[in-house]
Amino acid sequence: MLDHETIRTFIKVAETGSFSQAAAALHKTPAAMSYRIKTLEEHVGTQLFTRTTRTVNLTLAGECLLEHCRQWLSWVDGMPDELKQINAGVERQVNIVVNNLLYQPQAVAEFLAWLHSRFPFTQFQISRQVYMGVWDALLYDDFHIAIGVTGSESLSNNIALHPLGEISWLFVVAPHHPLAKISGETIAEEHLRRYPAINIDDTSRTLTRRVAWLLPGQKEIKVPDISTKLECHLKGLGIGFLPYNLCQPWLESGELVTRKVERARQPSQLSLAWKSTGVGKAIREVVTQFQRNEPTIRGFLHQIDRRPTR
C-alpha cells in the first residue's frame, strides 16, 4: 500500500542502495525496512529492487515508481501551504504573453523570480508573440495577462488596459549599404523599393495580421524576432525601421546610420492588458507593479521612449 511512510521508505532505500543505510537514516531496523518494501512489491505486483548480498538496485519499474513518488511526496509536503494560498485567492496557474518588442530574457527571469517568491505554488507560463499575436493569445488562448498589446483601446469588454507608452521608430541602414550614401535629403520610395524590407512575421492565428512596413512590389525578408531583425540591418541585408532606444548604441558607434524617407513609421502605442473577470491575487499584484512602475517590471520598458503623461 502506497501510504506516506511506505513512500518515504521506498525513496530512501532507492537513494542509498542499502536497507541498513536507509534504516539508519529513518531510525528504523533493516528488517522493518525490508518487510515494508516486500509488502509494497506484493501490493504493486512486480519487483522494484534487485537484491545482492551488498547492494539493492532499482528495476526499471522501480525507477518509474521513484519518479512518481518524489513528485507525490513533494506535493503532499507542500499541500497545506498550497491550499492556504488557494483559499487566499491566489491562482493556481497564470499565463503571461509578452510582446516581442518588450521581451528581454533577463527581464523575464527577474520577473519570474519575483513571482515565484510571492506565489510559490502558482504555475507561471511566459510566451512571446509578435504584433496582433499578443492580442490573439489574450483573446483566444488561455492567457491572462499581456505585456505590450498594441493600441490604447481594448478589443473586448472583458479586457482592461493600462498604457505603457510609445515606441518611436527610426529608418536605419548599415553604413556600407547603398542607401547610406544618400544623406541630407529624403529618399524616394522608388529607391527604397530596390532593397528588401526586413520584417518580423506577425504570429496571430485568428486576428488579421499586420505588416510593419512594406512598399508595393518590394521584396520582404521575414524573421522571427527583433534581435534577428537588428542583426540583418547590421549586416546590410535589408532596410526598414527599428525602435529608437534599441538602435541608439549602434547609431552612436557608427554601425548603423539613419536616413529620411517619404513616409516615416508612426510611433507604436503599447499597453498592459488583462482579463478583468475572475482576477485573482497574483494577477492583481502584477497589474499593480506596472501601474506603480515598480523596479520588478522596468526591464520590460527599456524600448519605450515615450512614457504616458499622468
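Student: Which residues touch the most other members of the largest nonpolar core?

Tutor: In soluble globular proteins, nonpolar side chains tend to be buried together. A nonpolar core is a set of buried Ala, Val, Leu, Ile, Met, Phe, Trp, Tyr and Cys residues joined through side-chain atoms within 4.5 Å; buried means under 20% relative accessible area, with a 1.4 Å probe and protein chains only. Here the largest core has 59 residues, and Phe111, Ile147, Phe171, Leu192, Phe290 and Phe300 touch the most other members. Apart from it lies another core of 18 residues, including Ile7 and Leu48.

Tutor: This is a predicted model, in which local features need pLDDT of at least 70 and side-chain atom pairs pLDDT 80 or more, whereas totals for chains, interfaces and linings use all residues. Residues are numbered from 1 along each chain as its sequence is written, and side-chain values use heavy atoms, leaving out hydrogens and water.

Student: What does Ile147 touch?

Tutor: Contact means heavy atoms within 4.5 Å. Leaving aside residues up to four places away in sequence, Ile147 touches residues including Ile96, Val98, Phe111, Leu272, Phe290 and Phe300.

Student: How many disulfides are there?

Tutor: A disulfide is a pair of cysteine sulfur atoms within 2.5 Å. By this rule the count is zero. Cys69 is in no disulfide, and the nearest cysteine sulfur, that of Cys64, is 9.5 Å away.

Note on methods:
Buried means under 20% relative accessible area, exposed over 50%, partly exposed in between (1.4 Å probe, protein chains only).
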